[in-house]
Structure formats: C-alpha cells, structure tokens
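Let's take a friendly walk through a protein model. Have the sequence and the 3D view ready, and follow along as we go.

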Amino acid sequence: MSIQRLFIANRGEIAVRIVRAAKSLGIHTIQAHSEADADMLAVRMADEAVCIGPAQAAKSYLDMDAVVKAAKETGADAVHPGYGFLAESPAFARAIEDAGMIFVGPSADTIQSMGDKVSARQVADTAGVPVVPGSDGRVDDMDEAASIADRIGYPVMIKASAGGGGRGIRIAETADDLAKLAPQARQEAQAAFGDGGIYIEKVIREPRHIEVQIMGDGKRAVHCFERECSLQRRRQKVWEEAPAFGLPEATRDAMCNAAVDLAEAVEYRGAGTVEYLYDAKADKFYFIEMNTRIQVEHPVTEMITGLDLVALMIRVAGGEALPVTQDDIKLNGHAIEVRLNAEDPLKKFMPFPGVVGKLDLPESDGIRVDHFLYEGYQIPPFYDSLIGKLIVHADTREAAIDKMKGALDTIEIGGLKTTIPLHKALAQSADVRAGRIHTQWLEPWLDAGNLEGHTGGAS
Amino acid sequence: MADIQSPVPGTFYQKPSPEDAPFKADGDAVKTGDTIGLVEVMKSFIEVQAEADGTFGGYTAENEAAVSAGDVLATLK
C-alpha cells in the first residue's frame, strides 16, 4: 500500500521540502494552497495544485473539511500535514483516515494522548522517562504541599491547577515562602477560576532545551540523536544545533534511549520529537512534551546523520518497515540552523512582508538553505514570518559557528528586512561560542541592547 | 473628512477580540492616537491609530477582511 499520490496540506518552506522528498521517492505531488498562495514555490514545483480557500488560514489551511474534501477530490491516497496548522490535530488525522486516506504521521490516538499535557506526562512516567518532579496532580492540604516541596527540593513553583497563561504562578525559595505563598495562590485561584486547587513543581533554573528526534514504524523506533534549541525568543526557537554541546555521553545515551522507550511504548509511527529541559549544573533532564510531527529544525539532524527524515516518514506511513537500524545511524560532526524570518530585528521584530529582490543563497558543500523564495515573489502577510532556514555542517561546533558566520556574510535576500543581523550578532557572541546559553538567555541579551550595539558598530 | 489607512498589509479586525464590540461606532469622538482597529500581519497584531481628531464616520473595511498597506479602513468626519 505504498503511497502513490501525496497531498501536501501546508505551505511555505516545509511544503517545498515535502514536495522534494516525495519526488525523490517517485510520488505524484498535489499541493494545497490558499487564494493568497497561488504563486508560492511549492505550487510551482508540485505536479498539481488545488485551491482550498481564502487567504486567512482559518478559512483554508485550518479548514479541516475543505482540506479533506480537496484531498479526496484530487485522488490523493495520503496527506502530509507538515508542521503547524492541522499537523497535531487528532480530529484531522481521524478525518483523513475515515476518508480512506493515509495520514503521514502517528495515529490519531497517539496525537491525542501526547497532545494533552497531563496524559503525556503519565505516558512518559510509565515508560520510565524522567518528568519534572512535582505533586502529580492537585494539592489541597498545606502540610502535604510542604512535604512534597521538601521531597523535590526548593525552589518550587506553585501553579493554579485550573489556570493557564501563567496566572497565579509563584516561586517559593524556602519553606517559609511556601507557607506564605501557597495560601495566596489558593485564594487567587479561587477568585479567578472558582477552584482553589494548586499544584507544585520543581523550578529548573536556567534550563537548556534539548530534544531527541525519533522515527518509528509502529513497532520499532530509533533515535537520530538530539538537538540543542536553547536560543529562544518568545518561546520561539531562533537558532538550533545538533548535537547538543558539552553533553556527557552517558546523559546523551540516557536521553536518546528514554525517547526510544517512549516512542515504542505508544507504538509510534513516523517522525517525532521528545523535548526535555536539561539542568546542566545538575546534569539532569526532564520530559516536557512530545511533538508528533516533523519539526522546523529537522535539517540539523539530517546534516549530522545523513538521513532524509521527510522521505523516511513518508515511507513508513506507506507501510514500509523502518529501513534503518539504530546501529546504522551515526553522529557525524556538528550542524547549526538559523531561522530566517521576514522581520526587522532592529524594530522590535516588526513583520516585513515585502517583495523578494535579488537572491544569492550560498548553497554549497556543507551549507543548505531550505526556503520558498524566488526573485519577485511577494511574501503574503497572512502567515508565519519564517521565510527560510540557513543550515551549516562542519566537523566541530567551533568550525560550524565559523561557517555560519561566513554564510551569513555571503547570503543575500534583497527587498526584505530579515533576522540575518540577529544571527550575525549571535555568531559573534562569546556566550554562544562558549555555550553559556539557556532558554532565558536571549531575551535579556536583546533587552540589554546587544543587537543595536553590534549592528551600530558595524556600520 | 479624513481616511484612516492600514499601515501594513494583513487581516483587519474591527474588534479587540471576537467577543468584544468594535473599537469605535459611528458618531464616536476620535482623538489622535486612538486605536480604531487591528491588522494581523504574520501573526503579529498591529494597532491602527487615528492620525487626527474627529468624529468616527464608520468602517469601510469589513471585519476580518484581507487588506493591503494604504487601504482605507475607516473614515473620520
């Protein structure tokens, strides 16, 4: 039941990436697009294209009925959701299967159980994957709260169990703090949500974000090593690396093996990512969540392993057994990816949906650019500002940073404001080079004016 | 009579959120700097502000309409 006709329910650079992978497998490609995306690169490259609705994502890429109908009508036998949009919607995966097509990804049930924070934590815990120590549910008794905090160690975070969006979160550094703050948190939660339930979780200071790429065929799973994604702004990854730097070999093995255990526990099919918080000082890692799709930063893993992850996920979706064993997958060198966004980093990252001018992309040995640009292309304002990714590969991390610096000096994307100046500054940062970074490093660094200072000095 | 134009291309919203009333109604007093709507561009929301004092003359762009930079969104009397 291998896939013959693949419907691509996404846009932008990932649509281009999926069309390429499908073509390399000899699969006929059908590209979905909104009215605003009729001239995008993936439409031009695919064997056929179909309009699924108006510009607004809610009326096109997020309109489940419209996507399923278009896939059906164009005779697709499989649908690739890419990332974002409907990629992690169990209802969408179910609708595709109910319509007699293959969803390129895990089963709807897997997406559902991994999409819910509480159930994902339970699944991880059962599979033996370390989770952030905490109360494992609500606490209503203050003595119990104190004994839990003693067990997991201070500082602890007090959260409203009914809450969300950070409301009612307090940090207790000591038992005295907890005795004072927990009743306040309960009161506030009661007032805000009508439910005074709280829960308690260990605070991980200056955590790094490290995630493991896995690939499964429904029976067996393998890992493709880890990625370091600690440079983040507004919880969006900005710069990603593979492998993580300065990670003890035993920790890497434990992280990767735990991810495989989790994937096999849920009979995972396709590409997935197990995300961890890493406490470098304590050399401890904790499960955060699992993403049940291909990720933006997958190319760094491809660079260090030589695998084509998108082609692999299409093959296993078509019913093939995983064509690689764990022993086949070797870690080679170091890769870095930077996200190129149509935003002006010097104007608070204001979006800049302009017309692409002269393009000069330094694609050569060890440098890859995943993008959806061509000269004269008007970037539509309706979607994410990601316009591409610059990826480099070298023998060592040092050499990869140098190579990234060189590539950023060479690359030319005319007509747009982009985040290239941000990446140039990061590539020259002593902290980045020394690995003195964590998920809370980039925003204060930007707030301190490091970017302005850097670009000002250069002009 | 002055027009209020969109500063950026994107999706225009007359309301702060779907449950709220529009920022302005016909006949409302408008002061320079008042927000009359939002334009969503690349997942960011940009406030559209009046550049003159006056009386609100109504929206000329529909809620959730796709707009280009420079499109007239509302009028001032």
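In which strand of chain B is the place of B:Val72? B:Val72 sits in strand E8 of chain B. Before we look around it, please keep in mind that this is a predicted model.

## Getting to know B:Val72

Leaving aside residues up to four places away in sequence, B:Val72 touches B:Asp3, B:Gln5 and B:Thr60.

Strand E8 of chain B belongs to an open sheet of four strands, in the order E1-E8-E6-E3, with antiparallel pairing. Strands E1 and E3 (29-30) of chain B are at the edges and have a single partner strand each, so one side of each has no neighbour in the sheet.

Now follow the pairings across the sheet. Strand E1 (residues 2-5) of chain B and strand E8 (residues 72-76) of chain B run antiparallel and are joined by four bridges; here B:Asp3 stands opposite B:Thr75. Strand E6 (residues 54-59) of chain B is joined to E8(B) by three bridges, again antiparallel, and B:Tyr59 faces B:Ala74 of E8(B). Finally, two bridges link E3(B) with E6(B), which also run antiparallel. In that pairing, B:Ala29 has B:Thr55 of E6(B) as its bridge partner.

## Where the two chains meet

How many residues of chain B are in contact with chain A? Ten residues of chain B contact ten residues of chain A. Sorted by class, the side of chain B that touches chain A has five nonpolar, three polar and two charged residues.

## Domains and the sheet in chain A

Turning to chain A, the domain assignment gives domain 1 (5-104), domain 2 (142-202) and domain 3 (208-458). The centres of domain 2 and domain 3 of chain A, taken over C-alpha atoms, are separated by 35 Å.

Chain A has an open sheet of eight strands, in the order E13-E12-E9-E10-E11-E14-E19-E18, with antiparallel pairing. At its edges stand strand E13 (284-291) and strand E18 (367-371) of chain A, each with a single partner strand, so one side of each is without a neighbour in the sheet. On average, neighbouring strands of this sheet are turned by 25° against each other, direction ignored. One pairing to look for is that of strand E10 (residues 221-233) of chain A with strand E11 (residues 236-242) of chain A, which is antiparallel and has four bridges. There, A:Gln232 has A:Lys237 of E11(A) as its bridge partner.

## A pair of helices

Two packed helices are described by the angle between their axes and the distance between the axes. For helix H4 (residues 90-98) and helix H5 (residues 108-115) of chain A, the axes come within 8 Å and cross at roughly 175°. An angle over 145 degrees counts as roughly antiparallel, and therefore H4(A) and H5(A) are roughly antiparallel to each other.

Which residues make this contact? H4(A) brings A:Pro90, A:Ala93, A:Arg94 and A:Glu97, while H5(A) brings A:Ala108, A:Ile111, A:Gln112 and A:Gly115. By class, the contact has four nonpolar, two polar and two charged residues.

## Buried places in chain A

A:Met101 lies in the loop between H4 and strand E5 (102-103) of chain A. Is A:Met101 buried or exposed? A:Met101 has 21 C-beta neighbours inside 10 Å and the cut-off is 20 or more, so A:Met101 counts as buried. Apart from residues up to four places away in sequence, A:Met101 touches A:Ala71, A:Ala76, A:Asp77, A:Ala78, A:Val79 and A:Ile96. By contrast, A:Asp140, 39 residues apart from A:Met101 in sequence, is 47 Å apart in space, C-alpha to C-alpha.

Last, look at helix H11 (residues 309-317) of chain A. Eight of its nine residues are buried, so H11(A) is largely enclosed by the rest of the structure. Among those buried residues are A:Leu309, A:Val310, A:Met313 and A:Arg315. A:Gly319, which follows H11(A), has a positive phi, near 105°.

Definitions and conventions: Residues numbered from 1 in each chain as written. Chains lettered and ligands numbered in written order. Predicted model: local features only at pLDDT ≥ 70, side-chain atom pairs only at ≥ 80, totals over all residues. Pairing = 2+ DSSP bridges. Axes fitted to C-alpha atoms, helices over the stretch in contact; angles between N-to-C directions. Parallel < 35°, antiparallel > 145°, perpendicular 65-115°, else oblique. Contact = placed C-beta atoms within 7 Å. Nonpolar A, V, L, I, M, F, W, Y, C, P; charged D, E, K, R; others polar. Buried ≥ 20, exposed ≤ 12 C-beta atoms within 10 Å, placed from the backbone. Domains from an automatic or database assignment.
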